[in-house]
Amino acid sequence: MKAKSGNRELFESLLRFPKRDVFDCVPLHYLVLKMSGMGCITPRAGVRNGSTMTTLIDIGLFVTNLILAVTMMIYGMFITQRHMQSPIMFIGLKMVNFTCYASTIYGLISCFINRHDIWKFYNEAYAVDNMLEELGERTNFTRSFALFVAYYGTAIGMCVLVIAVMYSENLPWMLLLNLGYSYFSLTTFHILSLTCLDVVRARNVRLNKVFRKQFSLEGDVADPPALTVYDPKQTLILRQIMQIFDKISDLADKGSYYYGIQIMVSIAGSFVYLMFYTFAFTLVIRSVLPAEIVFNAGPIISYSMFAYNVFIVAFYGNALKQQCAQLCFASTFDFVLVFGLISTLCESVKLTLLRMFLMQLGHRSPMITCGLFPFDWTLIFSILSTAATYIIILLQFESAGSSSG
């Protein structure tokens with residue numbers, strides 16, 4: 001018996017307002033994945049059960065995007081461009097093209113291999129939302145959907161603006177397609193990776209709110225009647241919070257597995273462009289290159305876009321890390337101090353749970369990583385130090401080449 005597709009169910013939920021759960025918001029994200037060839041899957045009927053299948057249309061979209069990316073990489077590597085005074089800068093332009101498309105091809109293949117696992121990320125988020133709702137923290141999915149639409153529209157709008165500026169410079173249509181598709185791919189990778197980061201961070205924020213509401217101090221520490229630890233339901237609530245925290249940690253692990261490569265693709269393409277743009281700026285200062293190569297609307301907008309891509313990923317990753325630190329600090333302060341004062345009034349079961357939760361917070365925390373390093377402010381410092389090292393080396397090669405010339 002042929003499996004029934006869940007596309008109709010998804011598209012009906014796309015028009016449903018107000019949004020009830022994460023699967024009412026997923027359809028637009030799902031369309032972005034399909035259009036870019038990075039989500040070549042079709043959910044089965046009953047989309048919330050997490051099962052998917054691969055259709056001929058999915059395979060066709062993947063093959064089409066893969067062929068297009070390979071073609072654009074080859075074209076960008078062997079196209080003859082106008083003569084440049086700096087051979088290293090000419091090589092740099094080729095390197096930017098190669099990095100953008102090589103990372104795109106790698107991302108496409110990786111997403112296709114793991115295509116059935118990607119949908120499970122949203123099933124995990126759906127399970128966490130249900131557990132948080134039991135504790136009184138319901139997500140405003142309509143607001144989340146509106147923010148996603150606004151952000152995606154703005155990002156694609158900036159991409160279209162850059163392409164329009166390049167079009168006004170009368171570039172050959174193949175070169176325009178080459179640049180336009182690379183911008184579109186990196187922008188899509190950026191949107192997907194940022195969505196992954198925000199899905200984990202938003203649920204960790206709400207868990208933090210639940211914890212503070214249930215276990216924080218409501219007055220002076222020395223005022224026992226103001227403490228909120230006498231509620232007999234708090235043992236059950238604490239168990240639920242521990243389970244939710246464990247689920248959010250699993251969600252972060254799955255996000256790192258499914259979307260870590262996509263984040264690295266966006267970061268790698270942005271890094272190479274930013275480095276060679278900065279190198280070109282130094283060559284303009286040294287009068288090796290004309291100023292219009294750097295001080296032009298297209299390069300300036302592109303530089304701003306790529307710099308923002310790196311910054312916002314580090315910002316959201318660091319925000320998730322800070323939320324975990326705040327939860328750990330609050331639990332240590334409230335549990336150790338409060339229960340140290342009234343330990344005689346607490347059940348041994350509750351104290352055991354508190355110690356277990358402190359151990360859980362100390363040994364595991366939600367974090368998005370590519371497997372080598374986490375995405376937080378340390379990413380910015382690493383990029384700056386690495387870029388500075390490479391630029392110094394490139395300037396030395398440039399000076400040596402100029403002297404020999």
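Student: How far apart should the end C-alpha atoms of helix α3 (residues 56-78) be at 1.5 Å a residue, and what does the model show?

Tutor: Keep in mind that this is a predicted model. Helix α3 has 23 residues, so at 1.5 Å a residue it should span 33 Å. The computed distance between its end C-alpha atoms agrees with that: 33 Å.

Student: Which residues of α3 are buried?

Tutor: Residues three or four places apart on an α-helix point the same way, because there are 3.6 residues a turn. Keep that spacing in mind as you read the list. The buried ones in α3 are Asp58, Phe62, Asn65, Leu66, Ala69, Met72, Met73 and Gly76.

Student: At roughly what angle do helices α2 and α6 cross, and what classes of residue make the contact?

Tutor: The axes of α2 (residues 26-36) and α6 (residues 141-168) come within 11 Å and cross at roughly 30°. On the α2 side the contact uses Leu28, His29, Val32 and Met35, and on the α6 side Phe145, Phe148, Val149 and Tyr152. Sorted by class, that gives seven nonpolar, one polar and no charged residues.

Student: Is methionine 275 buried or exposed?

Tutor: Methionine 275 sits in helix α8 (residues 234-285). Buried means under 20% relative accessible area. Methionine 275 has 8% relative accessibility, so it counts as buried.

Note on methods
Residues numbered from 1 in each chain as written. Predicted model: local features only at pLDDT ≥ 70, side-chain atom pairs only at ≥ 80, totals over all residues. Heavy atoms only, no water. Helix = DSSP H or I, 4+ residues; strand = E, 2+ residues; numbered from the N terminus. Expected span 1.5 Å × (residues − 1). Buried < 20%, exposed > 50% of the residue type's maximum accessible area, 1.4 Å probe, protein only. Axes fitted to C-alpha atoms, helices over the stretch in contact; angles between N-to-C directions. Contact = heavy atoms within 4.5 Å. Nonpolar A, V, L, I, M, F, W, Y, C, P; charged D, E, K, R; others polar.
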